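This report describes one structure for a reader who has not seen it before. Please look over the sequence and the model before reading on.

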Amino acid sequence: TADLLGQIETRIEAGELDQVDILKGFLSDEEYYGAFGRLNCLVLPYSGRYAVSGSGVLYEAVYSRKYLIISEGSTLAIELAEIGYPHRTVDVDDPETIRRAVAETAAAWPAIVDELETYFAGAPKLPLEGFRGLYTGAG
């Protein structure tokens with residue numbers, strides 16, 4: 001994914017991807033919440049220990065009604081599937097798969113917005129309650 005990241009950064013610098021922000025490293029609260037306010041979709045290509053644990057960023061994204069592209073087979077993907085949250089999974093070891101998922105998500109954006117709106121309009125409970133049910137068995 002480092003090669004893909006480098007390619008994306010080069011295209012951003014060239015002005016080809018004006019709707020893409022790459023956030024790396026530690027962000028101040030102001031930077032973090034500013035970014036969250038601007039974005040519509042998060043790509044979280046977690047691997048290693050992050051693929052099998054929770055993610056505060058993911059939970060904040062769900063509450064903020066953001067679309068997610070995440071690691072296939074991860075605990076996070078399983079949790080989102082359990083509550084029916086709209087998302088897409090990718091093979092994080094294949095940069096081309098990530099690139100294609102982002103491009104296809106952008107191309108299908110109006111339908112994805114509809115999917116998110118439908119989820120939140122029909123969700124009988126808050127996502128947190130769905131997540132809590134996964135851990136307590138009280139779904």
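## Aromatic rings

Rings of Phe, Tyr and Trp, the last by its six-membered ring, pair if their centres lie within 6.5 Å. By that rule Y32, Y33 and F36 form one aromatic cluster. The model discussed here is a predicted one.

A search of the whole structure finds 6 aromatic pairs. One of them, Y32 with F36, is tilted, with 5.2 Å from centre to centre and 35 degrees between the planes. Both residues belong to helix 2, where they sit 4 residues apart, about one turn of the helix. An α-helix has 3.6 residues a turn, so residues three or four places apart point the same way. Y32 and F36 are both buried. Another pair is made by Y67 and W109: the ring centres are 6.4 Å apart and the planes stand at 85 degrees, so this pair is edge-to-face. It links distant parts of the chain, with Y67 in strand 2 and W109 in helix 6, 42 residues apart. Y67 is buried, because its relative accessible area of 6% is under the limit of 20%. W109, with a relative accessible area of 22%, is partly exposed.

The model has an open sheet of 3 strands in the order 1-2-3, with parallel pairing. Strand 1 and strand 3 (87-90) are the edge strands, and each of them pairs on one side only. On average, neighbouring strands of this sheet are turned by 15 degrees against each other, direction ignored.

Strand 2 and strand 3 run parallel and are joined by 4 bridges. Within this pairing, I70 has T89 of strand 3 as its bridge partner. Strands of a sheet pair through backbone hydrogen bonds, either parallel or antiparallel.

## The nonpolar core

Which residues touch the most other members of the largest nonpolar core? They are L42, L44, L58, L68, I70, L80 and Y85, out of 26 residues in that core. Two or more residues each come from helix 2 (29-38), strand 1 (41-44), helix 3 (56-63), strand 2 (67-71), helix 4 (75-83), helix 5 (95-107) and helix 6 (109-122).

In soluble globular proteins, nonpolar side chains tend to be buried together.

## Helix 5

Helix 5 has 13 residues, which should span 18 Å at 1.5 Å a residue; the end C-alpha atoms are 18 Å apart, in agreement. T97, I98, A101 and T105 are the buried residues of helix 5. These four cover an arc of only 100 degrees around the axis, which puts them on the same side of helix 5. The face turned away from that buried side carries the exposed residues A106 and A107.

## Helix 6

Which residues of helix 6 are buried? They are I112, L116, Y119 and F120. Seen down the helix axis, the buried residues of helix 6 fall within an arc of 90 degrees, so they line one face. The other side of helix 6 has P110, E117, T118, A121 and G122 exposed.

Note on methods:
Residues numbered from 1 in each chain as written. Predicted model: local features only at pLDDT ≥ 70, side-chain atom pairs only at ≥ 80, totals over all residues. Heavy atoms only, no water. Core = buried A, V, L, I, M, F, W, Y, C linked by side-chain atoms within 4.5 Å. Buried < 20%, exposed > 50% of the residue type's maximum accessible area, 1.4 Å probe, protein only. Pairing = 2+ DSSP bridges. Axes fitted to C-alpha atoms, helices over the stretch in contact; angles between N-to-C directions. Expected span 1.5 Å × (residues − 1). Arc of directions from axis to C-beta. Phe/Tyr/Trp six-rings, centres within 6.5 Å; stacked < 30°, edge-to-face > 60°.
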